[in-house]
Amino acid sequence: MSPEGKRLLNIIILGFAFMFMFTAFQTCGNVEQTVIKSFNSSKFHGSGYTSMSIIYGVFSASNLIAPSVVAVIGPQISMFISGLFYSAYIAVFIYPLTWSFYTASVLVGIAAAVLWTAQGNVLTINSTDTTIGRNSGIFWALLQFSLFFGNLYIYFAWHGKAHISEWDTRRVFISLTVISLVGSFLFFLIRRPEPESVAPDGTEALLQADLGDSSSGSTTPLAQGRSAQALDAFKKAVQLSGTKEMLLLSISIAYTGLELTFYSGVYGTCIGAMNQFGDDAKSLIGLSGIFIGMGEILGGGVFGMLNTRSRFGRNPVVLLGLLTHFVAFYLIFLNIAADAPIAPEQGTDLQAFMIPSVEVALLCSFLLGLGDSCFNTQLLSIVGFMFPQDSAPAFAVFKFIQSISAAVAFFYSNYLLLHWQLLIMVLTGFLGTLTFFTAERVATAKRHDSDYDSI
């Protein structure tokens, strides 16, 4: 197999590993608030929104040290160990206890920072300027298949059930734990890519060398080199966070954190709380997740794998994502009751500004997924394009910003009515799109001699 073929295979394996892991984790996040409401309050006092707020809060702080961890133990082992913590978090729901639930939330927050920093590094070292767009799209499309398979299972498992029993919950989360573990072990199939020529100095060179087997050289110099590299990775992450390019991207990155919270946790809870959707409201949570996944997969395929050239760069795709989200937000405002995010287990009987429609709710799910893929494929591409030699610190900063906004959003989701949450996303998305346009112009001007591919 050619070197380029090996790199593409690594991207595909990476995508499948994440697909298995997040089939479990994203399905867990989508239903956990609904599941928790069904628990006996004398045994369990947790909140799904609070757990996710803890995860993303710890995630944001841990991103500052994640490049150092990846530099020391390598991206492959980093992703495997992180995957085990994800599996442990899901397994908590098999026999839920409040203390273990929140402890696992902290641990998976740390693991998430390491996982996504390592993922960004593997994506970058297996890509070039001409393939980063295509590879981002392939990875994103495979990742978002997780929304399809996991939520399809939820739909059939809970179809026609107005109340989720303890056995229903245990059966679902045992299955999800096993699926997550399968994804973790798939990381061992990723092989070290063959270098183009001489590896550059810095973080990228060390991480690329650590991706595969490492058996040459003396132990002491290697350990000293890794320690120095870990410190260097931390310094670079701090330095990159203050660059003009990253500051311009920060608002659009923050927006992806807000809408990640909404589509992955809040919107499904809203649908499940709408009593006017009938007894199938709970199973509609899974169906909503499927439609979100369909939008994500379509967006990742069209704007990533086709990798069409455009003199306008990434801007048209980001603008399409914004307009798609604005349509979804408006329809959700009309269709879903304002108190749905914070309704009790009995649900809400309130009506918004139209007769609640399941079809409109699922259309909005699709639009949320499509818009999210527009933003994320372009952000993955532009970060990898602008910081090819510092991908691990750059993606750490990316996830630092995204996870802070997600943590804040999950926190206020416990208290804010639906229309206030939608307004926050509209304002942030509009401003983030404008600053992305500016960042795209800076990237094009800075590297106009590169063979530039837009997705």
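The protein contains 15 helices and zero strands, where helices (H or I, at least four residues) and strands (E, at least two) are DSSP runs numbered from the N terminus. This is a predicted model, in which local features need pLDDT of at least 70, side-chain atom pairs count only at pLDDT 80 or more, and totals for chains, interfaces and linings use all residues. Residues are numbered from 1 along each chain as its sequence is written, and side-chain values use heavy atoms, with hydrogens and water left out.

**Confidence and overall packing**

The mean pLDDT (the predictor's confidence in each residue, from 0 to 100) is 81 for the protein, and 84% of the residues reach 70 or more. Over residues 197–210 the pLDDT stays under 50, and the model has 36 contacts for this stretch beyond four places in sequence. Residues 212–220 also have pLDDT below 50, with four contacts in the model beyond near neighbours in sequence. A contact here means heavy atoms within 4.5 Å.

Of the 455 residues, 60% count as buried; buried means under 20% relative accessible area, exposed over 50%, and partly exposed in between, with a 1.4 Å probe and protein chains only. Among contacts with a separation of 6 or more, 86% join residues 24 or more positions apart.

**Cavities**

A cavity is defined on a 1 Å grid over the protein atoms alone, as a set of points where a 1.4 Å probe fits but cannot get out; lining residues have an atom within 4 Å of a point. Grid points are joined across faces, edges and corners, and a volume is the space filled by probe spheres set on the points. By this rule there are six cavities of 30 Å³ or more.

The largest cavity holds about 330 Å³ of space. It is lined by 24 residues, of which Phe-22, Gln-26, Tyr-56, Trp-116 and Leu-260 are the closest to its centre. At least two lining residues come from each of helix 1 (3–38), helix 2 (48–62), helix 5 (98–125), helix 6 (132–158), helix 10 (244–273), helix 13 (358–386) and helix 14 (391–412). Helix 10 gives the most to this lining, with five residues.

The second largest cavity has a volume of about 60 Å³. Its lining consists of Thr-34, Lys-37, Thr-269, Gly-272, Ala-273, Lys-282, Pro-344, Glu-345 and Gly-347.

The table sets out both linings by class; Ala, Val, Leu, Ile, Met, Phe, Trp, Tyr, Cys and Pro count as nonpolar, Asp, Glu, Lys and Arg as charged, and the others, Gly among them, as polar.

| Cavity | Lining residues by class |
|---|---|
| Largest cavity | 14 nonpolar, seven polar, three charged residues |
| Second largest cavity | two nonpolar, four polar, three charged residues |

Phe-22 is found in helix 1 and counts as buried because its relative accessibility is 5%. Leaving aside residues up to four places away in sequence, Phe-22 touches Thr-27, Tyr-86, Leu-115, Trp-116, Leu-143 and Ser-146. Phe-22 and Tyr-86 are 64 residues apart along the chain, and their C-alpha atoms are separated by 9.0 Å.

Gln-26 also belongs to helix 1 and is buried, with a relative accessible area of 13%. With residues up to four places away in sequence not counted, Gln-26 touches Leu-143, Gln-144, Ser-146, Leu-147 and Tyr-263. Gln-26 and Gln-144 are 118 residues apart in sequence, and 9.6 Å apart from C-alpha to C-alpha.

The expected span of a helix is 1.5 Å times one less than its number of residues. Helix 2 has 15 residues and reaches 21 Å from its first C-alpha to its last, close to the 21 Å expected. Its buried residues are Gly-48, Tyr-49, Ser-51, Met-52, Ser-53, Ile-55, Tyr-56, Phe-59, Ser-60 and Ser-62.

Helix 4 (residues 75–91) has 17 residues and should span 24 Å, which agrees with the 24 Å between its end C-alpha atoms. Among the buried residues of helix 4 are Pro-75, Met-79, Phe-80, Tyr-86 and Ile-90. Ile-77, which lies in helix 4, counts as partly exposed because its relative accessibility is 33%. Between Ile-77 and Ala-118, 41 residues apart along the chain, the C-alpha separation is 9.2 Å.

Definitions and conventions:
1 Å grid on protein atoms, 1.4 Å probe; cavity = no way out; pocket = protein on both sides within 12 Å on 5 of 7 lines; lining within 4 Å.
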